[in-house]
Amino acid sequence: MTPDYCANVCSLGGFPYFGLQLNSYCFCGRSYGSHGQAEDSDCNTPCGGNASINCGGPWRNSVFAMRYGSDNGCRSSYRPNPSRPELVVSSSYSKATYWTEAIPNVTGCIQMCNTAASSCLAVLFNRQARLCHLLKFALVPQALSTVDGEFYARG
């Protein structure tokens, strides 16, 4: 887990905040702070993917705010106190998290995902339009949140 990875995942849902906890947990949210701010010393667990950055602690989140640009990319930053330098991460997945193919049935849609195993973890199939949305993450991106369909994750 790293702030970049968590930012990429949370940008799929258009979340304004994300939090890292205890080395390997990523949480996405629309608000934060309901329990108040913890002491900085409580958030001292190194990230599993980059030990030079802290990823919260036991029952403590390091919180970051997302800033989405006009190109649908995002930057995230959070400065919990003025004495700490600002950490900025960039999401590279906001545009390229899925692709769409015209496929007549759900079986063909799933087969196409299996063929593209290294870049497809799930599908969203719309029977009425006969469209197969192949997803790079097992999470429906915000751009497809209004699409009716059947969701299947590889597993």
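**Entry 1: the nonpolar core.** I looked up the largest nonpolar core of this predicted model, a nonpolar core being a set of buried Ala, Val, Leu, Ile, Met, Phe, Trp, Tyr and Cys residues joined through side-chain atoms within 4.5 Å. I found 10 residues in it: I103, V106, C109, C113, A116, C120, V123, F125, C132 and L134. Helix 2 (106–115), strand 7 (122–126) and strand 8 (131–135) are the elements that each give two or more residues to this core. Helix 2 supplies the largest share, 3 residues. Here helices (H or I, at least four residues) and strands (E, at least two) are DSSP runs, numbered from the N terminus. I also noted a second, separate core of 9 residues, with C10, C47, F64 and M66 among them.

**Entry 2: conventions.** I number residues from 1 along each chain as its sequence is written, and side-chain values use heavy atoms, with hydrogens and water left out. Because the model is predicted, local features need pLDDT of at least 70 and side-chain atom pairs count only at pLDDT 80 or more, whereas totals for chains, interfaces and linings use all residues.

**Entry 3: C109.** I listed the contacts (heavy atoms within 4.5 Å) of C109, not counting residues up to four places away in sequence. C109 touches I103, V123, F125, C132 and L134.

Entry 4: I traced an open sheet of 4 strands in the order 6-8-7-9, with antiparallel pairing; two strands pair if DSSP finds at least two bridges between them. Strand 6 (98–102) and strand 9 (150–153) each have a single partner strand, so one side of each is left without a neighbour in the sheet. Neighbouring strands are turned by 20° against each other on average, direction ignored. Strands 7 and 8 pair in the antiparallel sense over 5 bridges, and the bridge partner of F125 in strand 8 is C132. Helix 2 packs on the sheet, touching strands 6, 7, 8 and 9, and its direction makes about 155° with that of strand 7. Axes are lines fitted to C-alpha atoms, for helices over the stretch in contact, and angles run from 0 to 180 degrees between N-to-C directions.

Entry 5: Is Q21 buried or exposed? Q21, found in strand 1 (residues 17–21), is buried, with a relative accessible area of 14%. Buried means under 20% relative accessible area, exposed over 50%, partly exposed in between (1.4 Å probe, protein chains only). Leaving aside neighbours within four places in sequence, Q21 is in contact with F27, C55, G56, G57, W59, R60 and N61. E39, in the loop between strand 2 (25–29) and strand 3 (61–68), is exposed at 57%.
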